[in-house]
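The following explanation leads the reader through one structure, residue by residue and element by element. Please keep the sequence and the model in view while reading.

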Amino acid sequence: MTDAPAQPARWTAQWKELYSEVITTGLCTGCAGCVVTCPHDVIGYEHEEGKYIPFHLEEELGLDNCVHGEKGCTTCTRACPRFRAWEPSADMHLFGRQREPDEMAGIWQQLLLTRASDDMVHRMGQDGGLVSAMLIWLRDNDYIDAALVSGVEASACCVLRPSTTRSSPSSSRPSTASRSRTW
Ligand code: SF4
Ligand code: SF4
């Protein structure tokens with residue numbers, strides 16, 4: 001009888017680890033990934049020029065720990081692109097090997113420069129409208145009902161907020177394109 005393959009250790013890293021390994025070490029880029037994905041809305045964000053730093057809003061366990069994290073929430077460390085080395089496991093999952101030193105940008109077969117063929121989508125998109133065009137196609141062809149994207153606050157162009165785009169007969173292309181627009 002052969003032994004069952006070892007199970008990967010359960011991921012338990014939460015705000016406590018994010019705070020000590022990314023935020024206080026200068027690794028944080030201020031991308032706000034942890035902020036928009038936190039399911040309990042307990043991460044605030046400093047929007048001032050030169051800061052762009054997330055901070056914890058609940059003081060129950062101090063600003064360097066999270067009561068929800070202590071109960072098992074790990075969303076922020078999974079969302080953070082600067083938290084530990086996630087590329088090796090992603091590469092193994094997607095390509096069956098890890099990237100070589102000359103593949104800093106990742107493993108790829110083709111490098112394509114693209115833009116949406118629809119002029120309006122192209123104009124509204126952040127970088128040519130490819131993602132908007134794909135979301136519109138997926139929605140129009142009933143592969144998805146909605147998409148979770150990010151938009152900007154009307155009162156502050158630099159403030160990102162999560163948005164959804166939904167399928168509806170009257171939904172127009174500008175809706176999806178404008179809501180998936182970021183800067
Ligand atoms: S551990 Fe969960 S609840 Fe706590 S800050 Fe991270 S994502 Fe939010
Ligand atoms: S997800 Fe990571 S890099 Fe982005 S703001 Fe949060 S801590 Fe910083």
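Ala133 counts as buried because it has 22 C-beta neighbours inside 10 Å; a residue is buried if 20 or more other C-beta atoms, placed from the backbone, lie within 10 Å of its own, exposed if 12 or fewer, and partly exposed in between. The model is a predicted one, in which local features need pLDDT of at least 70 and side-chain atom pairs count only at pLDDT 80 or more, whereas totals for chains, interfaces and linings use all residues. Residues are numbered from 1 along each chain as its sequence is written, while chains are lettered from A and ligands numbered from 1 in the order in which they are written.

Ala133 belongs to helix α7, helices being DSSP runs of H or I with at least four residues, numbered from the N terminus. Within α7, which covers residues 130-140, the buried residues include Val131, Leu135 and Ile136. Beyond its neighbours within four places in sequence, Ala133 contacts Ala116, Asp118 and Val121; contact requires C-beta atoms, placed from the backbone, within 7 Å. The C-alpha atoms of Ala133 and Ala116 are 6.0 Å apart, although 17 residues separate the two in sequence.

Among the residues surrounding ligand 1 are Cys38, Cys66, Cys73, Thr75 and Cys76, each having its C-beta atom, placed from the backbone, within 6 Å of the ligand. Helices α3 (67-70) and α4 (75-79) each supply at least two residues of this shell. Thr75 lies in α4 and counts as partly exposed because it has 18 C-beta neighbours inside 10 Å.

Technical notes:
Contact = placed C-beta atoms within 7 Å.
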